[in-house]
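Trainee: Could we go through this model together, one question at a time?
Mentor: Gladly; have a look at it first.

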Amino acid sequence: MPSLWNYLNEVEPSDTRHGLANEYGIVIASFSLASLLLKPLVGIWCDQRSFKEVYAVTLLAAAAGNALYAFAGLGGSWLFMLAGRLLSGAGAANSSLSFAYVSRTVEPSSRTGTMAKLSLAFPLGMVVGPAFNALLSGPFHDLSSGTFIGGRARLQRAPVWTLP
């Protein structure tokens, strides 16, 4: 999240250079922590309910978290950013469900190939995501002066609209 430091300073300006370092670390870690803690619960929930229901709810949680993160500047506190990242992490707890779905629905003869393709999708997203962020922030770096729902249309928020 290379844009987080600038966004954090925009949401809650600090007088010192390292004034928001702790908050930065907490916001960065919150997504992974929420996902880690909720994956077992999401798995249990998926065993009891349908895949579609669990996916729908977790995707809505991820979308709501990303929206909260995007509009954190309107709240004027880094805690809105933290809440948004926690909610997004809770939504991302569904990532292992795709492997369970494939193992339950794909024929054994083609399961290995399907799992390999699915396994490739995650690291590919980790490469393409930052490249997309660089594409958004590179040529348009100086075009951050528009208005958007009462706030400035800042470049630091642009990538959040493309997150799952």
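What follows is a set of questions and answers on the helices of this model and a few of their residues.

Mentor: Two notes before we start. This is a predicted model, in which local features need pLDDT of at least 70 and side-chain atom pairs count only at pLDDT 80 or more, while totals for chains, interfaces and linings use all residues. Residues are numbered from 1 along each chain as its sequence is written, and side-chain values use heavy atoms, with hydrogens and water left out.

Trainee: Which pattern does the chain follow, read along the sequence?
Mentor: Helices (H or I, at least four residues) and strands (E, at least two) are DSSP runs, numbered from the N terminus. The chain has seven helices and two strands. Read along the sequence, the pattern is α-α-α-α-α-α-α-β-β.

Trainee: What percentage of the residues of the chain count as buried?
Mentor: Buried means under 20% relative accessible area, exposed over 50%, and partly exposed in between, with a 1.4 Å probe and protein chains only. The chain has 164 residues, and the part that counts as buried is 30%.

Trainee: Among contacts between residues at least 6 apart in sequence, what percentage join residues at least 24 apart?
Mentor: Contact means heavy atoms within 4.5 Å. Among those contacts in the chain, the part joining residues at least 24 apart is 62%.

Trainee: Are H2 and H5 roughly parallel or roughly antiparallel?
Mentor: Axes are lines fitted to C-alpha atoms, for helices over the stretch in contact, and angles run from 0 to 180 degrees between N-to-C directions. The axes of H2 (residues 21-48) and H5 (residues 78-91) come within 7 Å and cross at roughly 25°. That makes H2, relative to H5, roughly parallel. Angles under 35 degrees count as roughly parallel, over 145 as roughly antiparallel, 65 to 115 as roughly perpendicular and the rest as oblique, so the term here is roughly parallel.

Trainee: How many nonpolar residues does the contact of H2 with H5 have?
Mentor: On the H2 side, the residues include Ile26, Phe31 and Leu38, and they meet H5 residues including Trp78, Met81 and Arg85. By class, this contact of H2 with H5 has four polar and two charged residues, and the nonpolar ones number ten. Ala, Val, Leu, Ile, Met, Phe, Trp, Tyr, Cys and Pro count as nonpolar, Asp, Glu, Lys and Arg as charged, and the others, Gly among them, as polar.

Trainee: Which helices do the buried residues of H5 pack against?
Mentor: H5 has 14 residues and reaches 20 Å from its first C-alpha to its last, close to the 20 Å expected at 1.5 Å a residue; the expected span is 1.5 Å times one less than the number of residues. Its buried residues include Trp78, Met81, Gly84 and Arg85. They pack against H1 (4-11), H2, H3 (51-70) and H4 (72-75).

Trainee: Which helices do the buried residues of H3 pack against?
Mentor: H3 has 20 residues and reaches 28 Å from its first C-alpha to its last, close to the 28 Å expected at 1.5 Å a residue. Among its buried residues are Phe51, Val54, Gly65 and Tyr69. They pack against H1, H2, H4, H5 and H6 (97-105).

Trainee: Is H1 oblique or roughly parallel to H2?
Mentor: The axes of H1 and H2 come within 10 Å and cross at roughly 120°. That makes H1, relative to H2, oblique.

Trainee: Which residues does serine 77 touch?
Mentor: Serine 77 sits in the loop between H4 and H5 and counts as buried at 16% relative accessibility. Its C-alpha is 5.8 Å from that of glutamate 12, 65 residues apart in sequence. Not counting residues up to four places away in sequence, serine 77 touches Val11, Glu12 and Ala72.
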